[in-house]
Amino acid sequence: MNKSSHIIIIGGGLAGLTNAIHLAKAGIPVTLIEMNIYPKHKVCGEYISNEVLPYFDFLDIDINVLQPTRISKFNITTQKGKCIQSTLPLGGFGVSRYTLDHWLWKKAAIAGVQLLNDQVIDVHYENNNFQVKTAGNKMLTTDYVIGAYGKRTQLDKALQRNFSYRRSPWLAVKAHYRADFDSNTVSLHNFEGGYCGLSMVENNMVNACYLATYDSFKKHKDLGIFQKEVLCKNPYLNTFFKNAEPLFGTPITISQINFDKKSPVEDHVFMTGDAAGLIHPLCGNGMAMAIQSAQILSELLINNYDQGLITPRKIIETNYTKQWNKAFSKRLYAGRALQKILLNGRLQELSYTIANIIPAIVPRIIKQTHGEPLIC
């Protein structure tokens, strides 16, 4: 089956769905292809900075409908359990991807986006347009393709992206719990070889999501044992997991999480969200970055469409790359630097000492990984 659309978005996560809603709102024909059926849980910290709220208002997305948890405080602990407390400069909210992605999917349908549950297996660019092939034997033609398919897929190898040929040492684990937890706080707890984030989402559920090196995990090869023998050496995590009631039968996991630098444009495909660049989870701002990347690209494509001009593709690609780097390159650099510090036990303790002497430094560091409100 052959179909044509002005823009095809591959992936229906936060970036892809926000892109689709924004473009459809501007009257642009857009098709979004997502291989998963919603609702679905995803490995994610599930905390979003309030910087996205003005943009959501512009898109007529009322996040209050989902009854998110409001968050304004941040705690971080060292492996030994020393705690640093701070406020979040902008604050944020907690909502599960199970709820949020499904809701945005329905919003996209109402906006007029053509939604397909299928898997893209090949993207071919030739003569200034694309041929997109799916596992369901569909062949679609389009002017532009947006890659919003997340951290890593087979498409990365098809597009010959350098990072896709390198093995990553990271894996992530996520589950929801019932627990006595301060709903106003997002916390980050270090352990040997990784760190675990805790924050509350809707319906008084606590999301626990941790990132660990494969080398630290392979010594145990069992999630339960790893949690008990490694995570719970941090006193805060030990108290949490000892008293929390798990809501998942088994935690969900992903591996091969790659934090290498990526390009916002690959073989004329615009990349958004984690497909364009992944910030370390300890920075707690990946969801807001995904949403902002969708805003940047949508506005460029809408301007070109509205003017009725045929702007050379290269100019749009160059402008997107410049704006993406301006918005995110410093945040990604800060994230890499923070991770090196927090994964080093000695530097953790030194950071704890400095933060206690100069408490104002913590909000300033947090601000380095966050942006300003997304005004439209």
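The largest cavity has a volume of about 60 Å³. The model it sits in is predicted. By the rule used here, the count of cavities of 30 Å³ or more comes to one.

What lines the largest cavity? Gly273, Asp274, Gly277, Leu278, Ile279, Gly286, Met289, Ala290, Ser293, Trp324 and Phe328 do. Two elements, α8 (286-307) and α9 (313-342), each give two or more residues to this lining. The largest share comes from α8, with four residues. Sort the lining by class, and you get six nonpolar, four polar and one charged.

Now turn to an open space. The second largest pocket holds about 300 Å³. Its lining has 16 residues. Find Asp180, Phe181, His189, Leu198 and Tyr236: of the lining residues, these lie nearest the centre of the pocket. Three elements each supply at least two lining residues: β5 (83-94), β11 (185-191) and α7 (235-243). Which of them gives the largest share of the lining of this pocket? That is α7, with four residues. By class, the lining of the second largest pocket splits into seven nonpolar, seven polar and two charged residues.

Last, look at the cysteines. How many disulfides are there? The count is zero. Take Cys196, which is in no disulfide. The nearest cysteine sulfur belongs to Cys209 and is 7.5 Å away. Is Cys196 buried or exposed? Cys196 counts as buried because its relative accessibility is 0%, and buried means under 20%.

Terms used:
Residues numbered from 1 in each chain as written. Predicted model: local features only at pLDDT ≥ 70, side-chain atom pairs only at ≥ 80, totals over all residues. Heavy atoms only, no water. 1 Å grid on protein atoms, 1.4 Å probe; cavity = no way out; pocket = protein on both sides within 12 Å on 5 of 7 lines; lining within 4 Å. Points joined across faces, edges and corners; volume = space filled by probe spheres on them. Nonpolar A, V, L, I, M, F, W, Y, C, P; charged D, E, K, R; others polar. Disulfide = S-S within 2.5 Å. Buried < 20%, exposed > 50% of the residue type's maximum accessible area, 1.4 Å probe, protein only.
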